[in-house]
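Please consult the sequence and structure shown below while reading.

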Amino acid sequence: MTAAREVELEGHIIDSGMMQASFGIIMDMGGSFEVEEFAIGREKTEESYARLLVEADDEETLQSIVHELHQNGANPSDPKDATLQRAPKDKVVPYGFYSTTNHPTEVRIDGEWIEVEDIEMDCAVIVEDREGEDGGPRAYTEVLSGVEEGDAVVTGETGIRVSPPERPRDREGAFGFMQGGVSSERPSESTIRQVGDAIEETKREGGDVLAVCGPALIHSGAREDLARLVREGFVDMLSIGNGFAVHDLERDLYGTSLGMDTESLDHPRKGHKHHIYTISEVIREGGIEEAVESGTVESGVMYECVENDVPFVIAGSIRDDGPLPDTITDSMEAQNAIREQAHEADLVLMLSTLLHSVAVGNCLPSTTRTVCVDINPATVTQLLDRGSDQAVGMVTDIGTFVPILADHLLDE
């Protein structure tokens with residue numbers, strides 16, 4: 001017996017590729033479809049609409065197709081309320097729980113659509129009653145480790161509406177360039193200026209810029225330019241690993257980064273010990289802030305963060321030397337600190353760090369403007385493949401990107 005379900009697509013479904021992707025999903029998964037209604041938006045800002053009847057040989061296949069369509073932004077035309085089940089114990093979700101995408105999501109409760117707060121990928125959706133004057137239910141994401149026994153968890157696909165970011169035909173404005181995927185062929189300086197314009201627009205609108213940085217930024221000689229951006233208020237938050245902070249501090253204390261002079265490229269005698277000496281000196285002071293306040297550290301990115309009250313999160317890893325006292329060594333605690341930054345950010349610069357970029361990207365909603373820069377194309381493509389479709393990638397040397405960006409923002 002054939003199973004069937006009607007789904008709807010709304011918005012800029014042609015320009016964004018949503019409709020074509022939906023057709024491909026249905027056919028690739030062994031289903032068929034009939035377009036029952038199709039209205040094309042004929043102006044730049046006008047949206048389109050399509051209603052499809054999706055068919056499959058059995059209910060199980062149909063459910064699999066509908067699930068994939070749902071992730072792509074196709075929603076049932078006959079919505080019902082979301083199904084809620086209680087979590088049986090801490091950190092355990094009911095069977096068939098709904099695992100979120102990073103796209104804006106709503107759930108239907110008592111006939112009303114409610115926006116899911118703090119959306120990010122691979123989370124459960126919890127629904128609870130509000131206390132106080134607001135009343136009514138609220139819905140929010142929760143990581144697995146944060147689920148508590150008795151939480152009302154959304155299960156299945158019913159009563160859930162997902163809205164992937166769209167790409168309207170009108171691409172004007174500072175953020176118009178952030179819709180083109182990955183390229184190493186674009187004129188670098190022109191694209192970097194566009195990134196700078198996007199940062200300026202974000203700041204004018206009162207938004208926050210998060211910089212996610214890897215040690216290569218220090219090794220490449222871009223340290224002073226990033227410090228300038230922090231000092232002048234173009235970076236509001238910093239997300240880094242222990243290595244970045246150590247090498248930035250080492251550059252101040254010993255003039256080297258991982259034992260190498262970043263200006264002469266020489267390796268001073270015993271330079272390989274400098275990062276360990278640096279860690280020891282900061283531990284002796286009690287932390288980065290204390291080292292700055294005592295005058296031990298007098299320059300660099302971490303110095304400017306302390307001096308200008310720019311919050312930073314240093315997430316530890318199994319590879320860390322030391323680590324520095326400010327490094328968060330509990331992985332779940334570090335993840336939550338990164339998540340808090342990600343939810344506050346309006347624009348994210350991911351600068352030459354694969355693992356940290358993917359980690360932060362996992363916490364970002366797809367509506368957060370994101371720029372990923374790395375000399376290795378695999379870093380940029382892996383971020384997009386992991387689900388951060390909103391990211392624009394630049395394959396270029398970070399030691400070129402940051403100085404040009406700083407010159408554009410600061411020397412105009």
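## Basis of the description

A residue is called buried when its relative accessible area is under 20% and exposed when that area is over 50%, with partly exposed lying in between. The model discussed here is predicted.

The structure contains 18 salt bridges. One of them joins the side chains of R161 and E106, with an N to O distance of 2.9 Å. R161 belongs to strand β11 (residues 160-162) and E106 to strand β6 (residues 105-109), so this pair ties together parts that are 55 residues apart in sequence. E106 has a relative accessible area of 23% and is therefore partly exposed. R161, at 27%, is likewise classed as partly exposed.

A salt bridge also links E128 with R138, whose closest N and O atoms are 2.8 Å apart. Here E128 lies in strand β8 (residues 124-129) and R138 in strand β9 (residues 137-142), so the parts tied together are 10 residues apart in sequence. The relative accessible area is 32% for E128, which is partly exposed. For R138 the value is 22%, and this residue is partly exposed as well.

## A salt bridge between helices

The side chains of R231 and E304 meet in a salt bridge of 2.8 Å, N to O. This pair links distant parts of the chain, 73 residues apart: R231 is in helix α5 (residues 223-231), and E304 is in helix α9.

Is each partner buried or exposed, or does it fall in between? R231 is partly exposed, with a relative accessible area of 38%. E304, by contrast, counts as buried because its relative accessibility is 8%, and the cut-off for buried is under 20%.

## A salt-bridge network

Salt bridges also connect several residues in a network, which links E6, E36, E37 and R51. In general, side chains of opposite charge can pair when their charged atoms come close.

D309 is located in the loop between α9 (301-307) and β15 (312-315). This residue counts as exposed because its relative accessibility is 70%, and the cut-off for exposed is over 50%.

Terms used: Residues are numbered from 1 along each chain as its sequence is written. This is a predicted model: local features need pLDDT of at least 70, side-chain atom pairs count only at pLDDT 80 or more; totals for chains, interfaces and linings use all residues. Side-chain values use heavy atoms; hydrogens and water are left out. Helices (H or I, at least four residues) and strands (E, at least two) are DSSP runs, numbered from the N terminus. Buried means under 20% relative accessible area, exposed over 50%, partly exposed in between (1.4 Å probe, protein chains only). A salt bridge is a side-chain nitrogen of Lys or Arg within 4 Å of a carboxyl oxygen of Asp or Glu.
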